[in-house]
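Hi,

Here is the structure I promised to pass on. Have a look at it first, and my notes follow below.

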Amino acid sequence: MLDREKYHIKQLSIFSENRPGRLMDIAGSMKEAKVNILGFTIAEGSGYGVVRMLVDQPEKAHQMLTKEGHVVKFTDVLAVKMEDKPGGLYDLTLMLRDAGINIEYAYGYRNSPAAVLILRVEDIDRATDTILASGRELYDVSHFK
Amino acid sequence: MRLLVPNAQGEMDPMTCWNPKMEMMPKEELDRLQLKHLKALVHRLYDYSRFYRDRMEAAGVHPDHIWTLEDAAKLPYMVKRDLREIEPERLLMVSNRELVRYHASSGTTGRPTIAGYTQADVNNWTESVARGIASAGIGPDDVIQVAYTYGLFTGGLGLHYGAERIGATVVPASTGNSERQLDLIKRLNVTAIAATPSYLMHLGEVSEKMGINIKRDTKLRIGILGAEPWSDGMRDRMQDWLGVKGINIYGTSELSGPLWCECAEQNGMHVWGDLTLAEVIDPDTGENLGPGEKGELVITMLQKEAVPIVRYRTGDITTLETETCACGRTHLRLGRITGRVDDMLIIRGINVFPSQVEYVLMSNPELGNEFQIVVDRKGALDDMLVRVELKPESFIDNVAKLECLKDRIASRMRNTLMISAEVELVEPGTLPRFEGKAKRVIDKRKL
């Protein structure tokens with residue numbers, strides 16, 4: 001049986017008030033814990049934001065941020081290896097649409113030689129199966145250590 | 001504008017004095033009339049109301065103990081809580097057959113405070129407003145735009161009936177849609193407006209954006225302004241800026257609605273003694289205070305039928321003056337409201353208790369116990385922001401769902417408080433904690 005669990009990347013989601021210095025606090029905690037940030041984005045609400053981070057040591061980062069009084073949660077996301085060429089995102093999203101898989105949010109970063117697309121979907125297991133079945137590669141948790 | 005000057009015979013211009021006999025009544029005669037009404041009221045309550053009789057007996061007072069106006073101080077107080085928590089049927093002294101109207105104010109726990117009126121109650125309320133606005137210089141030739149909310153709130157209909165009674169032409173504009181309000185003021189040659197002072201200031205700002213100069217382009221000359229505290233400083237600024245004479249008006253839904261306003265002298269609101277017995281007490285000791293001494297306003301409505309009001313503690317801090325006004329009216333004059341005994345806020349003319357906000361917030365399991373209310377004046381209008389902590393376990397990485405939670409809280413707030421407030425979700429543990437009495441309100445408005 002396929003071990004889907006290993007593809008569930010533990011993303012840190014942090015509830016953060018929208019005021020000067022709040023992101024600096026988070027970054028400072030990561031620096032102090034010697035945690036490296038691999039991927040990063042902020043979703044903007046009204047008066048607050050949700051900071052999303054992929055780090056090399058999620059447990060340690062979670063502990064540190066919690067200790068510092070932040071509201072932190074793990075969110076399972078998928079990391080899709082993308083061919084770094086025009087049309088790569090189109091092909092992937094076309095395939096997901098045909099499979100009826102809705103994307104809650106996504107963000108990408110370039111990680112030479114490939115690009116990485118982080119996906120948050122409602123049904124993570126079905127998305128995992130669909131993406132793997134299409135012949136694409138998912139990074140597993142070991143990739144982010 | 002008509003000036004309030006007695007004619008050669010010492011009589012008032014009938015246009016500016018609605019009820020000269022009553023308004024100019026010699027003080028001794030007025031005292032006797034008040035005492036007659038007070039005695040009748042106390043007897044009626046004792047004989048026909050279980051509620052008031054129990055109250056009086058608990059206080060050890062019998063109608064026979066009331067011999068002078070000062071004896072009113074023996075009667076037990078009523079507080080807002082009484083009207084809120086006691087079943088309306090226990091307070092009502094008349095049947096449905098005699099009731100002609102209900103009004104309501106927002107309640108602290110979402111349940112509104114109901115006020116019922118008989119025809120006589122509506123008539124006396126109307127009489128009060130009619131005398132007041134006539135004394136301010138409004139008459140049959142005037143066009144008055146009532147920009148208080150019509151409906152359960154007493155402001156709109158109270159001013160409407162009073163203005164119609166003196167023969168003025170009423171434009172029942174209610175609140176909102178400032179462009180239309182200004183358009184009506186221009187097109188209908190409106191000479192007076194009844195509104196909250198902050199709303200009139202807001203109209204001033206909107207008019208400038210529309211390229212209308214109220215002073216030059218309109219006939220607006222008098223503003224009947226109240227339902228929220230304001231200052232002489234604001235009045236001076238407004239009169240200078242808009243050329244509108246600011247007349248202060250006071251009243252609460254418990255007492256009937258807006259009841260007393262200043263005359264053209266702008267030196268205190270005339271409290272009609274034939275309808276009302278006003279006292280000022282030390283809110284801590286309950287001791288009655290003298291003229292000019294600042295304390296809590298306590299009101300007895302001498303002729304109210306449906307829901308009698310006896311020594312009602314308004315919670316408003318003010319003064320009373322006994323000297324006859326320069327206009328010749330002999331009745332007590334009520335000074336500006338300078339504060340509150342409790343933590344009640346008045347936002348855009350609506351009473352808001354922090355406990356109401358707390359009630360709404362605490363009904364949401366996603367929220368923590370700490371909150372903060374920030375009141376500010378954006379432009380001329382009050383603005384309320386409620387900041388509340390999100391519980392750590394309620395945080396989900398889904399902005400749409402968090403926004404949905406916020407909207408739900410804001411809409412419950414609007415339904416309960418009858419006023420819209422902005423809601424802000426903040427991180428747990430970031431709002432100030434208090435060891436003693438919590439200070440949850442930050443009022444940045446400068447009056």
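**What turned up**

Let's start with strand β8 of chain B, residues 257-261: the strand is mostly covered, with five of its five residues buried. Keep in mind that this is a predicted model.

The partner of β8(B) is strand β7 of chain B (residues 245-252); the two run antiparallel and are joined by four bridges. If you want one pair to click on, B:Gly251 has B:Pro258 in β8(B) as its bridge partner. Together β7(B) and β8(B) form a hairpin with four residues between the strands.

Next, the contact between the chains. Chain A puts in 16 residues and chain B puts in 15 residues. On the side of chain A that touches chain B, the elements giving two or more residues are β1 (9-17), β3 (48-55) and β4 (71-82) of chain A. Of these, β1(A) gives the most, with four residues. By class, that side of chain A has seven polar, five nonpolar and four charged residues.

Last one: B:Gly167. You'll find B:Gly167 in the loop between α7 (154-165) and β4 (169-171) of chain B. For a sense of distance, B:Gly167 and B:Trp272 are 105 residues apart along the chain, and their C-alpha atoms are separated by 20 Å.

Cheers

Methods:
Residues numbered from 1 in each chain as written. Chains lettered and ligands numbered in written order. Predicted model: local features only at pLDDT ≥ 70, side-chain atom pairs only at ≥ 80, totals over all residues. Buried ≥ 20, exposed ≤ 12 C-beta atoms within 10 Å, placed from the backbone. Pairing = 2+ DSSP bridges. Contact = placed C-beta atoms within 7 Å. Nonpolar A, V, L, I, M, F, W, Y, C, P; charged D, E, K, R; others polar.
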